[in-house]
Amino acid sequence: YLHNMKITKKQVEQICKKLDEDLVKFSFLASGNHNDNYAIHTKRKKYVLRIENNPQFKNLKKEYNLLKSLKPNLGPKVYFFDKSHKIIPYDYFVEEFVDGKYPKKLNDKFITLMAKWLKKLHQQKKPCKKHSMLKAIKPYFRNVKNHKEAIPTETAYKIDALFKRVTDFCTKNDGIFAGRKEACLLHSDLSRENIIYDGKKIRLLDWEFSRYNFPEWDLVYFIQSLRLNPKQKELFLKTYGYPTSKSSKKRLLIISLLNTCGDIGYSVWRLGLVKQGKLNKKLKTEISKRLNLDIHRLTKIIEDLEQ
């Protein structure tokens with residue numbers, strides 16, 4: 001992967017010309033698995049340059065189009081997308097620089113605002129096809145199968161046994177979302193690092209995984225990613241207006257199940273990249289620790305659902 005691709009002042013000046021701006025300075029911001037990000041300071045304002053860096057995951061145009069279609073103040077404003085490769089030899093787009101910090105303390109005000117923000121985002125809907133849980137879990141199983149040699153045999157046995165129980169459960173409950181006729185717009189990556197909060201309002205960054213699906217995906221991701229305690233979880237779901245019926249709670253647990261299978265598949269895939277020399281070896285311990293935590297969490301979710 002082409003992480004932290006070096007760009008020149010001349011290239012940034014050409015991009016500024018397209019924005020009708022005068023460059024003051026630019027600096028590297030961060031690299032993700034799929035893009036490199038730079039801050040551009042001009043005489044009038046600040047921008048973010050987002051460059052695609054992974055030829056196996058070409059998603060930048062989709063992200064740009066989605067940001068263009070968003071209601072105001074949900075995500076960053078986008079200015080233009082360039083796939084010509086004349087200035088930079090990769091696809092890129094320019095978006096506004098969103099000021100603010102990640103939420104450090106999870107107080108009630110932040111949790112309430114986040115629930116209202118998600119409710120607003122999820123109002124963007126479109127018709128959906130009939131949902132199958134068995135179909136939804138297949139890509140996660142594929143990741144584990146393709147990179148099994150990167151994990152200890154004992155861990156592989158554990159995952160296989162858990163995935164068998166997951167498959168059995170999904171087979172029995174395959175139609176639990178069958179009645180849904182609409183899918184909501186989801187952010188799909190509600191980690192703390194993607195949330196900008198200034199004490200009054202919330203903006204979200206990194207929309208590369210956004211898609212249309214059921215709202216439970218975002219709700220579960222937020223609860224799991226920010227590790228809400230039971231009281232915070234109750235406040236979050238109540239403010240959002242999520243039903244409290246037994247079947248609704250079961251649906252949340254089922255999405256937790258699928259989401260955790262996804263996390264396990266992702267970690268095994270990343271360990272595969274470490275083994276192939278495509279990811280830094282230093283990450284192995286951190287990824288393995290996360291994998292073991294996810295295995296533990298999946299065991300607990302299955303036990304809760306089997307009761």
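**Ground rules.** I call a residue buried under 20% relative accessible area, exposed over 50%, and partly exposed in between (1.4 Å probe, protein chains only). The areas themselves come from the Shrake-Rupley method with a 1.4 Å probe, and for residues only the protein chains shown count as cover. This is a predicted model, so I note that local features need pLDDT of at least 70, that side-chain atom pairs count only at pLDDT 80 or more, and that totals for chains, interfaces and linings use all residues. Residues are numbered from 1 along each chain as its sequence is written, and side-chain values use heavy atoms, with hydrogens and water left out. Helices (H or I, at least four residues) and strands (E, at least two) are DSSP runs, numbered from the N terminus.

**Entry 1: Arg 180 and its partner.** I began with Arg 180, which counts as partly exposed at 24% relative accessibility. Which residue does the side chain of Arg 180 meet in a salt bridge? I found Glu 216, with 2.7 Å from N to O. The pair links distant parts of the chain: Arg 180 is in the loop between α5 and β7 (182–186), while Glu 216 belongs to helix α6 (residues 216–225), 36 residues away. Glu 216 is buried, its relative accessible area being 0%. For the record, a salt bridge here is a side-chain nitrogen of Lys or Arg within 4 Å of a carboxyl oxygen of Asp or Glu.

Entry 2: How many salt bridges does the structure hold? I get 17. One of them joins Asp 99 to Lys 46, with the closest N and O atoms 3.4 Å apart. Asp 99 sits in the loop between β5 (92–96) and α3 (108–121) and Lys 46 in strand β3 (residues 46–52), so this pair ties together parts that are 53 residues apart in sequence. Asp 99 is exposed at 52% relative accessibility, and Lys 46 is partly exposed at 29%.

I then looked at Asp 168 and Lys 164, whose side chains meet in a salt bridge at 3.3 Å, N to O. Both are in helix α5 (residues 153–172), four residues apart, or about one turn of the helix. Asp 168 counts as partly exposed at 35%, whereas Lys 164 is exposed at 54%.

**Entry 3: a charged patch.** Lys 129, Lys 135, Lys 138 and Arg 142 form a positive patch. Patches are made of residues with over 30% relative accessible area and no salt bridge, with like charges joined within 9 Å and nonpolar side chains (Val, Leu, Ile, Met, Phe, Trp, Tyr) within 5 Å. Lys and Arg count as positive and Asp and Glu as negative, leaving out His and the chain ends. I located Lys 129 in the loop between β6 (125–127) and α4 (133–146), and Lys 129 is exposed, at 76% relative accessibility.

**Entry 4: strands.** For pairing, DSSP must find at least two bridges between two strands. Strand β1 (residues 23–31) and strand β2 (residues 35–42) pair in the antiparallel sense over seven bridges. A hairpin of three residues joins β1 to β2, and Leu 23 has Thr 42 in β2 as its bridge partner.

Is β5 mostly covered or mostly open? I find it mostly covered, with four of its five residues buried. β5 pairs with β3 in the antiparallel sense over five bridges, where Val 48 is partnered by Glu 95 of β5. Strand β4 (residues 78–82) also runs antiparallel to β5, joined by four bridges, and Phe 81 stands opposite Phe 93 in β5.

**Entry 5: backbone notes.** Leu 19 is in helix α1 (residues 9–19) and counts as buried at 13%. Its C-alpha is 10.0 Å from that of Tyr 47, although 28 residues separate Leu 19 and Tyr 47 in sequence.

Which residues other than glycine did I note with a positive phi? Asp 20 has phi near 60 degrees; Asp 20 lies in the loop between α1 and β1 and is exposed at 65%. Ser 188 has a phi of about 75 degrees; Ser 188 is in the loop between β7 and β8 (195–197) and is buried at 13%.

Definitions and conventions. Charge placed at Lys NZ, Arg CZ, Asp CG, Glu CD.
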